[in-house]
Amino acid sequence: MKATPSPIPKTRRALELDLGEQLNILLTAAHALANQAAACFNEDLQPAAFHVARWLHAHGPAASSTIAANVGMDRSATSRLLVQLQRLGFVEREASSEDRRSAIFSLTREGRSRLNLALKQRGLAFYERTKRWNDSELRRFTGMLRQFNVMGE
């Protein structure tokens, strides 16, 4: 019987290239899932509007300048998206109690409902990718991602 040769260990550079390729696949898949979730939220809106709605959901009512600064968009783009979201009944605008010239935006009940549905759909897609993993594998993967993300801060 012939012995099977052991695999040649990959060099650090080859491992890093492999990691880069896998991260690219992950980021591309995450982007596609985000676009699908945005379409589930409202197919007529740009995915960036979904991003704004998600931020409002996570952080609560805010001024458009605060939203823009936190989602990485310029103020004019954020304002246009907020107007679209408002027209569709997903966001409401109120005068700021601190400065009557300023507006505070928040999700409406319909906006929260649509957002929750879209996030649930996206969650199902992630579940499909990990449903065959045991708890130990899922815990290890989550821990390694957490470690990777913290190292970048």
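**Exercise 1. Sort the lining of the largest pocket by residue class, then locate the pocket.**

Solution. 
Step 1: The lining of the largest pocket has 16 nonpolar, four polar and two charged residues. Here Ala, Val, Leu, Ile, Met, Phe, Trp, Tyr, Cys and Pro count as nonpolar, Asp, Glu, Lys and Arg as charged, and the others, Gly among them, as polar.

This is a predicted model: local features need pLDDT of at least 70, side-chain atom pairs count only at pLDDT 80 or more, and totals for chains, interfaces and linings use all residues. Residues are numbered from 1 along each chain as its sequence is written, and side-chain values use heavy atoms, with hydrogens and water left out.

Step 2: Take the volume. The largest pocket has about 760 Å³. A pocket is an open set of points on a 1 Å grid over the protein atoms alone, where a 1.4 Å probe fits, with protein on both sides within 12 Å along at least five of seven lines; lining residues have an atom within 4 Å of a point. Its volume is the space filled by probe spheres set on the points, which are joined across faces, edges and corners.

Step 3: Find the centre. There are 22 lining residues, and L23, L26, F141, M144 and L145 are the closest to the centre of the largest pocket.

Step 4: Assign the helices. At least two lining residues come from each of α1 (12–41), α5 (109–130) and α6 (135–151). The largest share, 10 residues, belongs to α1. Helices (H or I, at least four residues) and strands (E, at least two) are DSSP runs, numbered from the N terminus.

**Exercise 2. Find the aromatic pairs and classify two of them.**

Solution. 
Step 1: Count. The whole structure holds three aromatic pairs. Rings of Phe, Tyr and Trp (its six-membered ring) pair if their centres lie within 6.5 Å; planes under 30 degrees apart count as stacked, over 60 as edge-to-face and the rest as tilted.

Step 2: Take F41 and F50. Their ring centres are 5.7 Å apart and their planes meet at 55 degrees, so this pair is tilted. Both F41 and F50 are buried. Buried means under 20% relative accessible area, exposed over 50%, and partly exposed in between (1.4 Å probe, protein chains only).

Step 3: Take W133 and F141. Their ring centres are 5.1 Å apart and their planes are at 80 degrees, so the pair is edge-to-face. W133 is partly exposed at 33% relative accessible area. F141 is partly exposed too, at 37%.

Step 4: Look for a cluster. Ring pairs join F41, F50 and F90.

**Exercise 3. Describe the surroundings of T108.**

Solution. 

Step 1: Is T108 buried or exposed? With 13% relative accessibility, T108 counts as buried.

Step 2: List the contacts (heavy atoms within 4.5 Å). Leaving out residues up to four places away in sequence, T108 touches G89, F90, V91 and E92.

Step 3: A polar atom of the T108 side chain lies 2.5 Å from the backbone oxygen of G89. The T108 side chain also has a polar atom 3.0 Å from the backbone nitrogen of G111.

**Exercise 4. Do the work again for T78 in its helix.**

Solution. 
Step 1: T78 lies in α4 (residues 75–87).

Step 2: T78 has a relative accessible area of 0%, so it is buried.

Step 3: The T78 side chain reaches the backbone oxygen of D74 at 3.0 Å.

Step 4: Beyond four places in sequence, T78 touches S64, I67, A68 and M73.

**Exercise 5. Compare sequence and space for N42.**

Solution. 
Step 1: N42 is in the loop between α1 and α2. At 10% relative accessibility, N42 is buried.

Step 2: N42 and F90 are 48 residues apart in sequence, and their C-alpha atoms are 9.9 Å apart.

Step 3: Not counting residues up to four places away in sequence, N42 touches L88, F90 and R114.

Conventions:
A polar contact is a pair of N or O atoms within 3.5 Å; within protein, one must be able to donate a hydrogen and the other to accept it, and residues adjacent in sequence count only if both atoms are side-chain atoms.
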